[in-house]
Amino acid sequence: MKKIAIYPGTFDPITNGHLNIIKRSSNLFDELIIAVTNESKKKSFFSINERIEMISQVTKEISNIKVDEFSGLLMNYAKLKNANAVVRGLRVLSDFEYEFKMAMMNNSLNKRIDTVFLMPNIKYVHISSSLIKEVSSLGGDISKYVPQFVQDKINIKKNE
Ligand code: COA
């Protein structure tokens with residue numbers, strides 16, 4: 001049976017931390033679906049189409065990846081896609097409580113789908129999309145933390 005995993009998130013925008021998780025999990029599964037939520041509680045900086053475009057661009061070398069958008073319950077979407085697993089990154093201890101509760105709830109909704117946690121490379125454990133946007137808006141250097149394509153998109157958006 002084909003092993004399919006979903007990597008869900010808001011990806012506003014995708015960072016090198018996300019990419020690190022994507023590259024490593026794409027080696028663990030036959031197919032990895034990067035599922036971008038269009039219903040985030042957070043007000044998004046980039047539109048859903050812009051976020052999908054950036055992810056598609058920076059993952060285009062990885063053959064077993066699909067990029068999609070989803071809404072509603074993650075477990076319903078995962079079932080629809082015949083996924084066996086959900087991938088989440090665990091950066092710092094403060095991620096744990098939120099991720100633990102989410103994994104438990106998802107497991108109670110669908111026992112057939114496991115959550116798999118990967119820790120990003122140490123270079124990226126302290127970053128988040130909001131922090132990248134904040135540093136960039138204040139003129140700081142974010143080149144270590146996002147691909148050039150994403151950096152260019154942030155710069156264009158800032159000047160709109
Ligand atoms: N590197 C860098 N940053 C990372 C990262 C990594 N490896 N992993 C996570 N982050 C950052 C994200 O950039 C984001 O930063 P921000 O808050 O500054 O934007 C933050 O960590 C949160 O991560 P994200 O992956 O976007 O998760 P989320 O908490 O926004 O999204 C969903 C969580 C979409 C998966 C969840 O809300 C969901 O499943 N929604 C569907 C509805 C549902 O099923 N609800 C019931 C769930 S039990």
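This is a predicted model: local features need pLDDT of at least 70, side-chain atom pairs count only at pLDDT 80 or more; totals for chains, interfaces and linings use all residues.

Student: Which residues line the second largest pocket?

Tutor: Its lining consists of Met 1, Lys 2, Ile 4, Lys 79, Asn 82, Ala 83, Asn 84, Asn 110, Arg 112 and Ile 113. By class, these are 4 nonpolar, 3 polar and 3 charged residues.

Student: And how much space lies in the largest pocket?

Tutor: About 1300 Å³. Of the 45 residues in its lining, Gly 9, Thr 10, Lys 42, Arg 88 and Tyr 98 are the closest to the centre. The lining divides into 17 nonpolar, 16 polar and 12 charged residues.

Student: Which element gives the most to that lining?

Tutor: Helix α4 does, with 9 residues.

Student: Turning to the ligand, where is it?

Tutor: The ligand takes up the space of the largest pocket. Elements giving two or more residues to its shell are β1 (4-9), α1 (16-26), α4 (93-109) and α5 (129-137). Again α4 gives the most, here with 4 residues.

Student: How many residues surround the ligand?

Tutor: There are 24, and the closest are Thr 10, Leu 74, Tyr 98, Ser 129 and Ser 130.

Student: What about polar side chains at the ligand's oxygen atoms?

Tutor: A polar side-chain atom of Ser 130 lies 2.3 Å from a ligand oxygen. For Lys 42, an N or O atom of the side chain is 2.9 Å from an oxygen atom of the ligand. The protein covers 83% of the 940 Å² of accessible area that the ligand has on its own.

Key
Residues are numbered from 1 along each chain as its sequence is written. Side-chain values use heavy atoms; hydrogens and water are left out. A residue is near a molecule or strand if one of its heavy atoms lies within 4 Å of it. A polar contact is a pair of N or O atoms within 3.5 Å; within protein, one must be able to donate a hydrogen and the other to accept it, and residues adjacent in sequence count only if both atoms are side-chain atoms. Accessible areas come from the Shrake-Rupley method with a 1.4 Å probe; for residues, only the protein chains shown count as cover. On a 1 Å grid over the protein atoms alone, a cavity is a set of points where a 1.4 Å probe fits but cannot get out, and a pocket is an open set with protein on both sides within 12 Å along at least five of seven lines; lining residues have an atom within 4 Å of a point. A molecule sits in a cavity or pocket if more than half of its atoms lie within 2 Å of its grid points. Grid points are joined across faces, edges and corners, and a volume is the space filled by probe spheres set on the points. Ala, Val, Leu, Ile, Met, Phe, Trp, Tyr, Cys and Pro count as nonpolar, Asp, Glu, Lys and Arg as charged, and the others, Gly among them, as polar.
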